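Subject: A structure for you to explore

Hi there,

Here is the structure I promised to pass on to you. Have a look around it first, and then read on for what turned up.

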Amino acid sequence: MIQEVKNTEVVSEPFELKHWIYNELVDLNVADSTAQYLNMLGLLLGLLIIVFIVDFLIRKILLQAFTKFAEVSKSNFDDLLVKNKVPRNVAHIIPLLIAIEFVPDIFSDFPDFEIMVEKGLKVFAIILTLWVVRSLLNTVKDFLKTLPSLKDKPVDSYIQVFMIFAWVAGALSAIAIVTGIPFLTFLTGLGAASAVIILVFKDTILGFVASIQVSINDMVRIGDWITFEKFGADGDVIEITLATVKVQNWDKTITTIPTYALISESFKNWRGMTSSDGRRIKRSLSIKMESVKYLNSEEVDKLKKIHLIEAYLNARQKDINTFNTNNKVNKEMSLNGRNLTNIGVFRKYVQEYIENHSAINKDMTIMVRQLAPSSQGLPIEIYAFSSDKRWVNYEYIMADIFDHVIAATSYFDLEIFELPSGSNFDIKH
């Protein structure tokens with residue numbers, strides 16, 4: 001009797017879409033509870049079909065609109081929007097709003113299901129928002145990398161920092177929705193768990209701080225040549241992210257360095273060299289000290305045949321002879337008075353040779369100096385800058401200079417120091 005009264009009440013109600021299937025099934029004498037479940041499933045299936053159709057149509061419309069606009073636009077920003085799936089992600093918004101709007105009608109007879117589905121849709125709405133934000137940020141990142149002024153800046157780090165905050169905010173919002181706790185109340189309760197959060201996200205926090213310091217202090221840019229011996233890195237920086245810095249070594253291998261290591265460890269950045277007017281040459285050769293001697297007149301006259309030092313020797317010899325004559329120096333011993341030495345003349349020759357070398361930058365420091373003697377001879381160091389900074393050409397220039405200088409030592413009766421080897425010993429039996 002109760003069932004008949006209820007059925008009569010439902011039929012007498014005005015037409016409602018949310019109970020249309022239910023009313024038809026009741027008229028066919030289907031059980032009330034079964035009719036309710038079938039009504040829910042039918043409406044849910046219909047909603048899903050509508051949502052998928054609307055999503056498909058909107059996605060196609062947006063993609064075609066963006067594609068046509070990209071064809072006529074001079075900027076590549078719209079091309080990057082399509083590449084990073086911004087239109088596709090935006091297309092999901094309207095179908096999601098339709099679903100949220102009609103869920104109360106579909107689950108009107110099942111309030112528990114309605115609450116669960118609404119929470120699920122709201123969580124998905126948060127995820128979809130994050131997808132859209134990520135797509136937009138990736139588009140901005142790719143666009144900024146095409147600008148010459150920002151090509152060497154760690155744009156990836158900035159995007160990652162923003163996305164970390166966005167994902168954390170999204171995760172907290174989702175948890176607050178699922179648990180039913182107000183967002184601010186839930187956020188306040190996280191204070192007690194802050195120590196655990198810091199421990200879990202230690203590397204991320206260190207990377208975040210390091211990324212900011214690296215950027216502000218302009219320590220490393222994309223394209224810089226860096227040498228980081230601790231991590232075996234020696235090559236060009238190809239990527240700077242929140243957590244890592246990627247270096248492509250000269251053998252084309254990739255070394256990954258933690259970003260925070262750039263501020264906690266010592267490394268060498270060659271940017272100053274590449275942006276300067278020359279690349280430094282700083283190399284020495286060791287002269288055997290027993291080959292160093294005073295030069296007599298005949299030896300000086302012989303060295304005057306070397307064009308680079310002919311004028312120097314004439315002027316120098318004249319000054320020395322004048323000094324020794326005026327001071328009545330006894331020259332029976334070379335030690336007395338002033339004299340020329342073979343290593344001094346050799347050093348002057350190398351100086352003249354470097355100053356006249358076509359590959360050396362004449363506007364930067366040029367110096368040939370004598371270092372402190374050691375058990376391995378007397379080092380003569382060449383300090384100069386090559387005009388060509390390219391690695392291969394730089395090595396060629398430096399080798400060309402030292403090929404000549406090493407070969408020139410014998411003309412000054414000098415010997416280059418070498419540690420003894422088996423061939424240096426004359427073994428007599």
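Let me start in a loop: Lys328 lies between helix H15 (307–326) and H16. For background, most residues other than glycine have a negative phi. Is Lys328 buried or exposed? Lys328 counts as exposed because its relative accessibility is 76%.

You will find Lys252 in the loop between strand S3 (244–249) and strand S4 (254–258). With a relative accessible area of 61%, Lys252 is exposed.

Before going further, please keep in mind that this is a predicted model. The protein chain has an average pLDDT of 81, and 85% of the residues score at least 70. Take care with residues 1–15, where pLDDT stays under 50. For that stretch the model has eight contacts beyond four places in sequence.

How many of the residues of S8 are buried? The count is nine of nine, so S8 is mostly covered, buried being under 20% relative accessible area. In a regular strand, side chains alternate between the two faces of the sheet. In S8, Leu378, Ile380, Ile382, Ala384 and Ser386 point one way, while Pro379, Glu381, Tyr383 and Phe385 point the other way.

Arg369 has Glu381 as its bridge partner in S8.

Arg369 and Glu381 form a salt bridge, at 2.5 Å from N to O. Arg369 counts as partly exposed at 31% relative accessibility, whereas Glu381 is buried, with a relative accessible area of 4%. Salt bridges with shared partners join Lys282, Arg369 and Glu381 into one network.

How many salt bridges does the structure hold? There are 11. As a reminder, side chains of opposite charge can pair when their charged atoms come close. Here are two more to find:

- Lys230 and Glu265 form a salt bridge whose closest N and O atoms are 3.0 Å apart. Lys230 lies in the loop between strand S1 (225–228) and strand S2 (233–240), and Glu265 in the loop between helix H12 (261–264) and strand S5 (268–269), so the pair ties together parts that are 35 residues apart in sequence. Lys230 counts as exposed at 57% relative accessibility, and Glu265 as partly exposed at 33%.
- Lys293 and Asp413 meet through their side chains in a salt bridge of 3.2 Å, N to O. The two residues are 120 apart: Lys293 is in the loop between strand S6 (279–287) and helix H14 (297–303), and Asp413 in the segment after helix H17 (391–408). Lys293 is partly exposed at 30% relative accessibility, and Asp413 is partly exposed at 41%.

Finally, the aromatic rings. The structure holds 11 aromatic pairs. Among them, Tyr349 and Tyr353 are stacked, 6.4 Å centre to centre with 20° between the planes. Both lie in helix H16 (residues 342–355), four residues apart, which is about one turn of the helix. Tyr349 and Tyr353 are both buried. Why is the pair of Tyr383 and Phe385 edge-to-face? The planes of these rings stand at 80°, with the centres 5.8 Å apart, so the pair is edge-to-face; over 60 degrees is the cut-off for that. Both Tyr383 and Phe385 are buried.

Trp225, Trp250, Trp270 and Trp391 form one aromatic cluster. Rings also meet charges here: Arg279 lies over the face of Tyr394, 4.1 Å from the ring centre. Likewise, the charged end of Arg338 sits over the ring of Phe323, 5.0 Å from its centre.

Enjoy exploring!

Best wishes

Note on methods
Residues numbered from 1 in each chain as written. Heavy atoms only, no water. Phe/Tyr/Trp six-rings, centres within 6.5 Å; stacked < 30°, edge-to-face > 60°. Buried < 20%, exposed > 50% of the residue type's maximum accessible area, 1.4 Å probe, protein only. Lys NZ or Arg CZ within 6 Å of the ring centre and 35° of its normal. pLDDT = per-residue confidence, 0-100. Contact = heavy atoms within 4.5 Å. Salt bridge = Lys/Arg side-chain N within 4 Å of Asp/Glu carboxyl O. Pairing = 2+ DSSP bridges.
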